[in-house]
Amino acid sequence: MAELTYREAVARAIGQEMERDPTVYFLGEDVAAAGGVFKTTEGLLERFGPERVRDTPISEQAIIGAAMGAAMNGLRPIAELMFSDFFAVCWDMVANQIAKTRYMTNGQVELPIVIRTANGGGVRFGAQHSQSVETWMMAIPGLKVVVPSTPVDMIGLFAAAVRDPDPVIVVEPKVLYASKGDVPDGEILDRLGEARTVREGGDVTICAIGAMVPKALEAAGRLADDGVAADVIDVRSLVPLDVRAIADSVERTGHLVTVEENPRLCGWGAEIASIMADEKFYALDGPIVRVTTPHLPLPSADVLEDAAIPSVDRIIDGVRRSLG
Amino acid sequence: MVDTIQDADLDTRLSIYRMMQEGRLFEKRAQDLFLEGLVKGTSHLGIGQEAVAAGFAATLEPEDLVFCTYRGHVHTLLRGAPMGALMAELLGRANGICGGKGGSMHLTDVAHGAMGSYAIVGAHMPIAAGAAWAAKARGTGQVAVCFFGDGTTNIGTFHEALNMAAVWKLPVVFVCENNLYMEYTAIRDVTAVEHPAADRASAYGLESILIDGNDADAVHAVAVRTVGRARAGEGPSLVEAVTYRHGGHSRADPGKYRPTEEVEEWLRRDPIPLYRERLLAAGADEATLQGIERDVRDAVDRATEEAREGPFPDPGTLETELWADGGAAWRN
């Protein structure tokens, strides 16, 4: 057991999979010699050499396109998109090519690709380097999407993503890179499509992902002081979605609050709310409440950004609104 | 223009002739089936451009990887994809090469190295580069060949892929089929240079290669050279083959924006009759050529029959093959 930062966990995750499988290659901007702009990939070049750990030009379409072509011809590429905002630059590769090709060819093409990316706000980078874009990917059939919120999950979910035969987007909340957590020694392998109940309560279900998980836990701690016991579910995997875990909790609590860093419209929480309204309507004892960033680009100034992203206070307010 | 260097033996040239006939007659039949209402949606025919696909196809090894565009019936066929399964795909049948999920713009036959027809302009250029990267990394000796149209030279992926392929010295040949029109607009009206691909080669440290794409021997010669270079580890090439589509951009387009004289001139330069004459002059006998033509007609007839008789897809296949487990589930 060792205490690792999330940042260190990224490098350990990539290293674990590259060590295990010689067909795993890694490419991206500044990932090799520089060790990544967030220093998440330090030491990999030295360990695995320049053939397997490749610096690319600033060519997001070529990075993701090359990953797809390589996957079609026997490699298991890991591509880094430095900021998740850059999905907008290579969206055709992600949404039209990688996501659809297996289906369009009736299963002839297998695409074991991982795209990992630094996502979300809280670091004052402004509107084009702070977005939470996991819901973009969730909306495209053919992409799996996971959002690890701890160092150990980063390794386990990443390993599962690399070993999965389908394209998986690993969304890393950049505000968590400096956060720490205990990580067991040896190989770590998790499963896609499984949520985790990170706190058990029974009065209300709070669903969160990524950087919203520690905030939801803090909110649950304060609510407990007031006698409200919350289930906190780290959804972890948006596609496949562990509906059962959420439904089981809602069945018991009768109340659901989602905590989403994404802008208001079409957030992942809206999908969960819709499913619960459809399938667990008679178990609900209050409104489903979505706590989100307002439907705005994220501002840069710390005061404004903090006002935009869901805070612990807003989560508590959301819970109170659901409980009525 | 690179001068024609006839480097192929007669058997190879007869095989190129057969392939051009296969492409031509397959697409003519596809057009007929559209008019009959048996093919839905759209299609983009390459009638008039067959020499480019055939000249390269004759050069490639079975393990090589070809990437083409939505105008990709011929390229896919000439990799060896079964003609009946291609025709059935156009007709939306269960025995189609993609089970009816792909259609005209997405013909793919991985088993024969036809790695897909890509319907977003330029997308397949970095994908082909990536396949070449894997070939190099794994030491397989494969070459990737990426066919694209003149319009592609003005989209970002063209430039990103060429740069990456050049920097990484990848075994890929990019083949621009310059048919003079991007869709309905003349390429010269929207491009800063005269030769949309060849004039850009120097920007990526590549040789400028411009050939007559209606001369199957010229195509074959350049294919031998560029594919050979790629296989020898000497890196990528960019070829511009000037050609002409006899019809419009797609099913919906009669191509009226093209001057009559221009169309007539290019019809006179139809690659297939030109090649036929050249083969006769080179000593092929008339009976052999007629035999090839008869064989191809019969093959197209059989393929049409196979397609027409194919069942429609079972609606139960709708939710299959999104994921590698064969299904399409996104939740438990």
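Mentor: Start with a definition: two strands pair if DSSP finds at least two bridges between them. Helices (H or I, at least four residues) and strands (E, at least two) are DSSP runs, numbered from the N terminus. This is a predicted model, where local features need pLDDT of at least 70, side-chain atom pairs count only at pLDDT 80 or more, and totals for chains, interfaces and linings use all residues. Residues are numbered from 1 along each chain as written, while chains are lettered from A and ligands numbered from 1 in written order.

Trainee: In what order do the 5 strands of the open sheet in chain A run?

Mentor: The pairing is mixed. Strands β9 (196–199) and β14 (289–293) of chain A are the edges, each pairing on one side only. The order is β9-β11-β10-β13-β14.

Trainee: How many bridges join β9(A) to β11 of chain A?

Mentor: These two strands run antiparallel. A:Arg199 stands opposite A:Val232 in β11(A). The number of bridges is 3.

Trainee: What angle does helix α9 of chain A make with β10(A)?

Mentor: Helix α9 (residues 243–253) packs on the sheet, touching β9, β10, β11 and β13 of chain A. Contact means C-beta atoms, placed from the backbone, within 7 Å. Axes are lines fitted to C-alpha atoms, for helices over the stretch in contact, with angles from 0 to 180 degrees between N-to-C directions. The angle is about 155°.

Trainee: Which strand of chain A does the direction of helix α10 make about 150° with?

Mentor: Helix α10 (residues 268–279) of chain A also packs on the sheet. Helix α10 touches β10, β13 and β14 of chain A. The strand is β13(A).

Notes:
Two residues are in contact if their C-beta atoms, placed from the backbone, lie within 7 Å.
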